[in-house]
Amino acid sequence: AIVGALRIQLSSKADERLKTNSVVDSEAYDLYLKGRYHWARLSTGGFLQSIEAFQKAIAIEPDFAPPHAGLANAFSLAGYFGVMSPQDAFPRSISEADIALALDPDSSEALVARGMACLMFEWDWDCARDKLLLALELSPNFSMAHWAYAEYLMVAAPSAALSSALRALALDPLSLPIMNLVAFTYLDQAMFAKAIRMDEEMIAIDPTFAAAHWNLGVIHTLQGRYDQASDALTKAVEYSGGIPSALAMQAYARGKSGDEAGALEILAELKSRRESPNRGYIAPVLIAHVYEGLGKTEDAIDWLEKALVERDGWLILLNAYPRFESLRGDTRFQEILDRVGLPSTDRD
């Protein structure tokens with residue numbers, strides 16, 4: 001009746017969805033929202049709590065599509081950030097996304113999860129583009145779809161990524177993951193002053209948001225401000241619960257600053273974790289990055305080749321960050337780019 005009174009012209013599919021009455025258990029919906037909240041923390045504990053919340057929602061309401069889609073996205077980022085191995089996380093992400101799409105073929109959230117698995121695990125750029133564009137077509141004001149499409153563009157067409165990231169931010173200006181994406185995109189395009197301002201805005205909203213401190217640590221390291229980098233990365237490690245990307249960046253910064261002993265100490269911890277599967281997954285790209293910081297290029301490339309075998313999601317960012325500048329002229333590095341499907345040049 002409201003739609004009719006406003007004289008809005010809807011597609012037949014949209015009209016049908018508006019008229020459909022679906023009753024969802026309130027506790028299941030509550031748990032779904034909690035899962036979304038914890039996922040947005042981008043921390044080890046946050047990913048684990050989000051997975052738990054989504055799984056509880058599914059146990060209560062198995063035919064409710066959003067928790068399946070949320071769980072798919074949680075598994076994707078858990079696999080990317082090293083909370084789970086890619087071989088464990090991404091097949092589960094794909095399975096949950098497929099369940100969500102079977103329950104609701106127009107679920108943009110599920111399409112985002114499926115597209116991100118295409119991008120980060122299958123390295124299928126056409127699949128990623130098609131899934132994410134369909135998510136945007138179905139829900140043009142869904143900020144998460146713009147966020148995911150910007151992630152895709154950072155790999156496929158870096159110069160176009162910023163506009164999509166800013167569109168996501170305009171739709172959800174207080175979302176920390178989206179603000180973080182904008183900051184990282186500024187960092188990738190060497191717009192460091194803007195990146196720092198965005199990181200400072202995130203920290204003003206939540207001083208314990210680890211990703212903002214990680215970004216600052218990267219920028220300070222790139223610009224040779226190692227004391228400031230150390231301060232920022234110490235906070236990133238603490239607030240993230242020791243997430244591997246924060247530890248690896250801390251080791252890289254120490255290596256670049258000349259603190260070889262400090263870098264090797266963290267490297268030993270990362271390798272120890274790799275030998276203990278119950279302590280989470282340590283992405284080989286991160287270890288390669290530490291070796292690059294230490295100036296050990298052959299070791300760095302050896303670990304990048306291990307990353308190929310393990311389908312390490314960090315490989316898709318070899319033309320963004322970490323960029324491995326010192327390795328880019330090496331034939332083995334170029335072969336790695338080819339196998340992932342990335343261009344040998346670092347910009348489109």
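The angle runs from 0 to 180 degrees between N-to-C directions, and the axes are lines fitted to C-alpha atoms over the stretch in contact.

This is a predicted model, in which local features need pLDDT of at least 70 and side-chain atom pairs count only at pLDDT 80 or more, while totals for chains, interfaces and linings use all residues. Residues are numbered from 1 along each chain as its sequence is written, and side-chain values use heavy atoms, without hydrogens and water.

The protein chain has 19 helices and zero strands; these are DSSP runs numbered from the N terminus, with at least four residues (H or I) for a helix and at least two (E) for a strand. Of its 348 residues, 56% are buried, meaning under 20% relative accessible area with a 1.4 Å probe, protein chains only. Its C-alpha atoms fill a box of roughly 70 × 40 × 40 Å along the principal axes.

Helix α12 (residues 192–205) packs against helix α13 (residues 210–222) at an angle of about 150°, and their axes are 9 Å apart. The two are therefore roughly antiparallel to each other. Their contact (heavy atoms within 4.5 Å) involves Phe192, Ala195, Ile196, Asp199, Met202 and Ile203 on α12, and Ala212, His213, Asn215, Leu216, Ile219 and Leu222 on α13. Nine of these residues are nonpolar, two polar and one charged. Here Ala, Val, Leu, Ile, Met, Phe, Trp, Tyr, Cys and Pro count as nonpolar, Asp, Glu, Lys and Arg as charged, and the others, Gly among them, as polar.

Key:
Angles under 35 degrees count as roughly parallel, over 145 as roughly antiparallel, 65 to 115 as roughly perpendicular and the rest as oblique. Buried means under 20% relative accessible area, exposed over 50%, partly exposed in between (1.4 Å probe, protein chains only).
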